[in-house]
Amino acid sequence: RVRIPLPVSNILWEHCIRLANRTLVEGYANVKKCSNEGRALMQLDFQQFLMKLEKLTDIRPIPDKEFVETYIKAYYLTENDMERWIKEHREYSTKQLTNLVNVCLGSHINKKARQKLLAAIDEIDRPKR
């Protein structure tokens, strides 16, 4: 057995948790269809994940917790709120934002609104090119 000093252990935990949370958002961004119930289940799954993490480690606050929660909750936004949200949350990739809009199509966003939101995403992405 090799003892790992607590500060090193905490850094390792922080990186693992951050990677796990980023991977969760990437997984959520790969969903092709999702209902309100499906998003609610995502929230429940994430809460279970957090509860287990809090038992495993003393790291507080949990790194990138808000990153995951914010992405899940964005599904419920109205068209106008989502447009504002897209412009304010540049921490998400173009793919993640685009999929969020596409998943909302039909549930509470129509095709015209979808085009408008995709144009907003493209506008944000344009300076990166």
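Contact here means heavy atoms within 4.5 Å. Helices (H or I, at least four residues) are DSSP runs, numbered from the N terminus.

**Entry 1: the model.** I worked on a predicted model, in which local features need pLDDT of at least 70 and side-chain atom pairs count only at pLDDT 80 or more, while totals for chains, interfaces and linings use all residues. Residues are numbered from 1 along each chain as its sequence is written, and side-chain values use heavy atoms, with hydrogens and water left out.

**Entry 2: helix α5.** I asked which helices the buried residues of α5 pack against. They pack against α1, α2, α3, α4 and α6. Buried stands for under 20% relative accessible area (1.4 Å probe, protein chains only). In α5 I listed Gln96, Leu97, Asn99, Leu100, Val101, Val103 and Cys104 as buried.

**Entry 3: α4 against α5.** I found α4 (residues 79-88) and α5 (residues 94-104) packed at an angle of about 170 degrees, their axes 11 Å apart. The axes are lines fitted to C-alpha atoms over the stretch in contact, and angles run from 0 to 180 degrees between N-to-C directions. The pair is therefore roughly antiparallel, a term for angles over 145 degrees. Met82, Trp85 and Ile86 of α4 meet Leu97, Leu100, Val101 and Cys104 of α5. By class I noted seven nonpolar, no polar and no charged residues. Here Ala, Val, Leu, Ile, Met, Phe, Trp, Tyr, Cys and Pro count as nonpolar, Asp, Glu, Lys and Arg as charged, and the others, Gly among them, as polar.

**Entry 4: α5 against α6.** For α5 and α6 I read an angle of about 175 degrees and axes 10 Å apart, which means that α5 is roughly antiparallel to α6. Thr94, Leu97, Thr98, Val101 and Asn102 of α5 touch Arg114, Leu117, Leu118, Ile121 and Asp125 of α6. This contact has five nonpolar, three polar and two charged residues.

**Entry 5: the core.** I looked up the largest nonpolar core, which has 32 residues. Such a core is a set of buried Ala, Val, Leu, Ile, Met, Phe, Trp, Tyr and Cys residues joined through side-chain atoms within 4.5 Å. Tyr71, Met82, Trp85 and Ile86 have the most contacts inside it. At least two core residues come from each of α1 (6-29), α2 (36-56), α3 (65-74), α4, α5 and α6 (111-125). Leaving aside neighbours within four places in sequence, I found Tyr71 in contact with Val25, Tyr28, Ala29, Arg39, Trp85, Tyr92, Gln96 and Leu100.

Technical notes: Angles under 35 degrees count as roughly parallel, over 145 as roughly antiparallel, 65 to 115 as roughly perpendicular and the rest as oblique. Buried means under 20% relative accessible area, exposed over 50%, partly exposed in between (1.4 Å probe, protein chains only).
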